[in-house]
Amino acid sequence: MAEVLVFDSKEAGAAVVADHIAALVRRVPTATLGVATGSTPLPVYAALAERAAAGTDFTRASAFALDEYVGLPAGHPESYRSVIDREVTGPLGLDPEHVRVPDGSETGIETAGERYEQAIIAGGGVDVQLLGIGTTGHLGFNEPGSSFASLTRVKTLTEQTRRDNARFFDSLNDVPMHCVTQGLGTILRARHLVLLAFGEGKAEAIAGAVEGPVSASMPGSAIQLHPHVTVVLDDAAASAL
Ligand code: GLP
């Protein structure tokens, strides 16, 4: 059973998560963080940047991102590589050499999944994995129907997810059709999962993930198979529990 923490603001929830991660990094300076994109984890990164400014040293820690779009030009501001560099690597002072994002280049596509799995294993696995959840219930880009045993691979984005993410692009047409995402099996190997959700729009997905039947039609329900999960919500995201 996941530990569910409900806060009256996302900033309050983010501060608790940041304190936990900063304490881990002080205890284990070479800790490996699993980082997510989307808007949900941004207050956690802002709070972690404050911990870094106050003296927590992240320079020996490493990070693995959950996913990446396929085919965006290098340096595109909405590629997840750019987002992670902007929101995480720079503000926390991580060594860029220690921050990995799946290879979404079209030339690397055939081997991207296997190379990423090997890199995570070589890095000793993920100590704490931050997760958001999509309105479809997706974790990373594992849309409904994804196997709980899946590993990093190329996936097609659903129309719903492309629409949800169109706000980051000039138009829906500019949202890539494909991605490389850690699988649910990859995510479940992390030693601690921290699932974050804020706002009423996530209430249904959170209810399905935390309390619903464990089913491939609700990828978020995979967290119920993990022995160490913390779910961090605001009141609105917890409203259907
Ligand atoms: C994106 C990401 C997910 C993220 C989710 C929610 O598409 N691939 O990792 O959790 O959608 O996004 P947001 O936090 O902006 O609601």
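This is a predicted model: local features need pLDDT of at least 70, side-chain atom pairs count only at pLDDT 80 or more; totals for chains, interfaces and linings use all residues.
Biologist: Which annotated domain covers residues 12-225?

Modeller: Over residues 12-225 the chain is 36% helix and 14% strand. The end C-alpha atoms of that stretch are 27 Å apart. The name comes from an unreviewed UniProt entry, which gives "domain: Glucosamine/galactosamine-6-phosphate isomerase".

Biologist: What is Val44 in contact with, leaving aside neighbours within four places in sequence?

Modeller: Val44 is among the residues with the most contacts inside the largest nonpolar core. Leaving aside neighbours within four places in sequence, its contacts are Ala14, Val17, Ala18, Leu130 and Leu196.

Biologist: Why do the buried residues of H7 line one face of the helix?

Modeller: Helix H7 covers residues 203-211, and its buried residues are Ala205, Ile206, Ala209 and Val210. An α-helix has 3.6 residues a turn, so residues three or four places apart point the same way. The buried residues of H7 line one face because, seen down the helix axis, they fall within an arc of 115°.

Biologist: Which strands are included in what covers the buried residues of H7?

Modeller: Ile206 is one of the buried residues of H7. Ile206 is also among those with the most contacts inside the largest nonpolar core. The cover over the buried residues of H7 includes strands S1 (3-7), S9 (193-197) and S10 (229-234).

Biologist: How many Å separate the C-alpha atoms of Ser215 and Ser147?

Modeller: Ser215 sits in the loop between H7 and S10. With 14 other C-beta atoms within 10 Å, Ser215 is partly exposed. Ser215 and Ser147 are 68 residues apart in sequence, and their C-alpha atoms are separated by 9.4 Å.

Biologist: Is Cys179 buried or exposed?

Modeller: Cys179 is in strand S8, residues 178-181. Not counting residues up to four places away in sequence, it touches Asp67, Glu68, Tyr69, Val70, Phe141, Lys155 and Leu157. Cys179 has 24 other C-beta atoms within 10 Å, and 20 or more is the mark for burial. So Cys179 is buried.

Biologist: How many Å separate the C-alpha atoms of Ile84 and Leu157?

Modeller: Ile84 belongs to helix H3, residues 80-92. Ile84 is buried, with 25 other C-beta atoms within 10 Å. Among the residues it touches are Val35, Thr37 and Ala65. Ile84 and Leu157 are 73 residues apart along the chain, and their C-alpha atoms are separated by 20 Å.

Biologist: Which residues come nearest to the ligand?

Modeller: The shell around the ligand divides into 4 nonpolar, 9 polar and 1 charged residues. There are 14 residues around the ligand, and those that come nearest are Gly38, Ser39, Thr40, Gly132 and Gly134.

Key: Residues are numbered from 1 along each chain as its sequence is written. A residue is buried if 20 or more other C-beta atoms lie within 10 Å of its own, exposed if 12 or fewer, and partly exposed in between; C-beta atoms are placed from the backbone. Helices (H or I, at least four residues) and strands (E, at least two) are DSSP runs, numbered from the N terminus. The arc is that of the directions from the helix axis to the C-beta atoms. Two residues are in contact if their C-beta atoms, placed from the backbone, lie within 7 Å. A nonpolar core is a set of buried Ala, Val, Leu, Ile, Met, Phe, Trp, Tyr and Cys residues joined through C-beta atoms within 7 Å. A residue is near a molecule or strand if its C-beta atom, placed from the backbone, lies within 6 Å of it. Ala, Val, Leu, Ile, Met, Phe, Trp, Tyr, Cys and Pro count as nonpolar, Asp, Glu, Lys and Arg as charged, and the others, Gly among them, as polar. UniProt positions are given in the numbering used here, feature names are shortened, and annotations may be inferred rather than shown by experiment.
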